[in-house]
Amino acid sequence: KLWARSLARCVHRLGYKDVRMARSLIYPVGLLLLALCGIAFTSAEFNRGLSPEHMVDDMIQNKMAFIISKSYCQPCHRAKRMAWDELGVKPDVIELDLRRIGDGPAIHRYLKVKLDTKDLPPLPQVWIAGKHVGGEEEMRKLLDSGELKQWVDAKRNAENKSEL
């Protein structure tokens, strides 16, 4: 809401005296800004020469929690919440249906090869501390057993030792 108020002030300063008209411009302008930021981010990825395979492998190795999902998938939402709320780790997420450069299907096909399955794997696919967990149900079982917390602690300890 803070960004909306700031944007409303800017629109008002540009000469829109009618407050309702200024407010009606806030959301389209905000969405345009978000779209431009998304395009810039994905273009930077694309320009760095990262193929979908290299990008996924890089995220798996370098991120504490990495989830491949779709924005409308309920099990995906639950897996993201589990990582954040119960593990205390902000997951890095690739939403296959929201990819701007159209590589979502290529990433999903790469998962089939990476996980050595006959069919496209179901979503979400979760990696914690560089180890493949599986989907939401497998994540819940490992979380309840305390194993995921051990993986996170071990990776944090390793990172802390390498910084010294």
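**In what order do the elements of the chain run from the N terminus on?** They go α-α-α-β-α-β-α-β-β-α-α, and that makes seven helices and four strands. Helices here are DSSP runs (H or I) of at least four residues, strands (E) of at least two, both numbered from the N terminus. Keep in mind that this is a predicted model, where local features need pLDDT of at least 70 and side-chain atom pairs count only at pLDDT 80 or more, while totals for chains, interfaces and linings use all residues. Residues are numbered from 1 along each chain as its sequence is written, and side-chain values use heavy atoms, leaving out hydrogens and water.

**Close-up of the largest nonpolar core, with its 18 residues.** A nonpolar core is a set of buried (under 20% relative accessible area, 1.4 Å probe, protein chains only) Ala, Val, Leu, Ile, Met, Phe, Trp, Tyr and Cys residues joined through side-chain atoms within 4.5 Å. Among the members touching the most others are V126, I128 and W151. Another core lies apart from it, with 15 residues including M59 and F66.

**Close-up of L87 and its contacts.** Skipping neighbours within four places in sequence, L87 is in contact (heavy atoms within 4.5 Å) with M82, I128, L143, L148, K149 and V152.

**Close-up of the hairpin of strand 3 and strand 4.** Strand 4 (residues 131–134) runs antiparallel to strand 3, joined by three bridges; pairing takes at least two bridges found by DSSP. V126 stands opposite G134. Two residues sit between the strands, and A129 takes a positive phi near 55°.

Note on methods
Buried means under 20% relative accessible area, exposed over 50%, partly exposed in between (1.4 Å probe, protein chains only).
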